[in-house]
Amino acid sequence: MISKLHPERWHGEYVYGEGYPESVAGQAAPFEIDITCADNNHFTGFCYDDISRRMEGVPAAIEGYIENDSIYFTKRYAYATYMSENGFSWAFPNRPSHDVHYTGNWYGDMYAGEWEIFTLVKDVDGSYVEQYCAGTWFIRKVLPETLQDRKRTNAMALLNKFFKRIFGKKDTY
């Protein structure tokens with residue numbers, strides 16, 4: 001549990017639920033949260049997920065708080081995104097992002113709960129229609145040795161790409 005918040009990494013996944021097309025509903029997407037600032041039970045940070053990675057790697061901002069065993073936070077992307085009926089995501093850099101509201105509770109070694117989005121979408125006749133989307137999520141704290149292993153693995157992958165590009169070979173390190 002995050003009893004004394006400090007900079008740390010959490011990873012988990014969210015599942016698309018109500019309001020999403022059949023082609024997407026029930027699918028899980030991984031995400032990571034870096035808590036960068038914490039004061040008492042309030043925190044801010046960044047979220048990396050499939051959507052933010054398609055935004056040229058710009059992470060979503062998060063802000064939230066913890067009260068007893070409950071967690072509440074809001075995720076906001078760099079700009080607006082919408083999903084079509086076939087599950088394709090569209091990005092609109094000139095429009096502000098919707099907010100994704102997360103609520104959850106502590107369950108032994110993780111936080112888990114529900115997320116939801118309320119947004120207004122312009123209909124073909126020019127009127128605005130409220131759109132509701134929701135799903136579930138969980139996160140667990142990344143242990144320091146796991147983070148170190150991941151950094152080492154990422155560094156090796158970058159070295160392999162570098163050597164392959166320069167020398168046309170694999171595993172030349």
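Modeller: The side chain of Y102 makes a polar contact with the side chain of K75, at 2.8 Å. A polar contact is a pair of N or O atoms within 3.5 Å; within protein, one must be able to donate a hydrogen and the other to accept it, and residues adjacent in sequence count only if both atoms are side-chain atoms. This is a predicted model, where local features need pLDDT of at least 70 and side-chain atom pairs count only at pLDDT 80 or more, while totals for chains, interfaces and linings use all residues. Residues are numbered from 1 along each chain as its sequence is written, and side-chain values use heavy atoms, with hydrogens and water left out.

Colleague: Is Y102 buried or exposed?

Modeller: Buried means under 20% relative accessible area, exposed over 50%, and partly exposed in between, with a 1.4 Å probe and protein chains only. Y102 has 2%, so it is buried.

Colleague: Which residues does Y102 touch?

Modeller: A contact means heavy atoms within 4.5 Å. Not counting residues up to four places away in sequence, Y102 touches Y14, I71, Y72, F73, K75, E114, W115 and W137.

Colleague: How far apart are Y102 and I117 in space?

Modeller: Their C-alpha atoms are 9.2 Å apart, and 15 residues separate Y102 and I117 in sequence.

Colleague: And in which strand is Y102 found?

Modeller: Strands (E, at least two residues) are DSSP runs, numbered from the N terminus. Y102 is in strand β8, residues 99-106.

Definitions and conventions: Helices (H or I, at least four residues) and strands (E, at least two) are DSSP runs, numbered from the N terminus.
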